[in-house]
Amino acid sequence: MAIETVREHFRKLGIEDRIMEFDVSSATVDLAAQAVGVEGARICKTLSFKDKDSGCILIQTAGDAKIDNRKFKNTFLQKARMLSPDEVLAFTGHAVGGVCAFGIKNTDVRVYCDVSLKRFTTVFPACGSSNSAIELTCDELFRYSQALDWIDVCKLPEAE
């Protein structure tokens with residue numbers, strides 16, 4: 001199971017005991033926010049895109065952020081094209097609903113963190129299953145996911 005791969009990743013860092021597993025689904029931002037007990041924006045969603053060079057780009061964003069196609073194209077010099085669920089599983093080892101940037105053995109995956117996350121002291125990414133999460137600071141998220149850079153490719157909902 002993918003969560004075991006993630007658990008092993010965090011075991012090497014001495015923080016596997018911080019993984020939370022729920023009796024309910026956390027497969028969407030809304031469900032994860034309910035399971036964790038935080039606002040949806042603090043859920044770290046990991047989005048999977050095709051990469052013309054390496055095959056896969058993972059972008060970790062705030063739960064309320066949406067990809068801005070112009071920013072994406074300016075950053076990666078290509079259009080934003082999401083991977084299919086089968087491609088996500090092949091590249092990351094994680095099924096949609098539990099995708100995260102931890103414990104990925106495929107070296108053809110490039111990981112980035114979007115600045116939309118920096119509004120929060122801690123965020124909650126999935127841990128390889130549709131009923132798990134871990135609370136990490138933004139610095140921990142960046143380091144533990146082996147992200148290459150902080151990027152700005154999202155837009156946030158406008159204040160009402």
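Let me start with a definition: a residue is buried under 20% relative accessible area, exposed over 50%, and partly exposed in between. Keep that in mind. We will need it several times.

One caution. This is a predicted model.

First, the overall picture. The protein has five helices and 10 strands. Its radius of gyration is 14 Å, close to the 15 Å that the globule rule gives for 160 residues, so the protein is as compact as a globular protein of that length. Along the principal axes, the C-alpha atoms fill a box of roughly 40 × 40 × 25 Å. Buried residues account for 50% of the 160. The exposed surface comes to about 8200 Å², and carbon and sulfur atoms supply 48% of it.

Now contacts. Take those between residues at least 6 apart in sequence. Of these, 66% join residues at least 24 apart.

Next, charges. There are 20 positive and 23 negative ones. Their mean positions lie 6 Å apart.

I will walk through some of them.

Start with R11 and E8. Their closest N and O atoms are 2.6 Å apart. Both residues sit in helix α1, residues 2–12. They are three residues apart, about one turn of the helix.

Now E87 and K50. Here the salt bridge is 3.7 Å, N to O. This pair links distant parts of the chain. E87 belongs to helix α4, residues 85–92, and K50 to strand β2, residues 43–51. They are 37 residues apart. Relative accessibility is 28% for E87 and 36% for K50. E87 is therefore partly exposed, and K50 counts as partly exposed as well.

Then D64 and R119. Their side chains meet at 2.6 Å, N to O. Where are they? D64 lies in the loop between β3 and β4, and R119 in the loop between β5 and β6, so the pair ties together parts that are 55 residues apart in sequence.

One last item. Which residues are linked in a network of salt bridges? E4, R7 and E21 are. Please find them in the structure above.

How values were computed
Residues numbered from 1 in each chain as written. Predicted model: local features only at pLDDT ≥ 70, side-chain atom pairs only at ≥ 80, totals over all residues. Heavy atoms only, no water. Salt bridge = Lys/Arg side-chain N within 4 Å of Asp/Glu carboxyl O. Helix = DSSP H or I, 4+ residues; strand = E, 2+ residues; numbered from the N terminus. Buried < 20%, exposed > 50% of the residue type's maximum accessible area, 1.4 Å probe, protein only. Rg over C-alpha atoms; globule rule 2.2 N^0.38 Å. Contact = heavy atoms within 4.5 Å. Areas by Shrake-Rupley, 256 points an atom, 1.4 Å probe, with all protein chains shown as cover. Lys, Arg positive; Asp, Glu negative; His and termini not counted. Charge placed at Lys NZ, Arg CZ, Asp CG, Glu CD.
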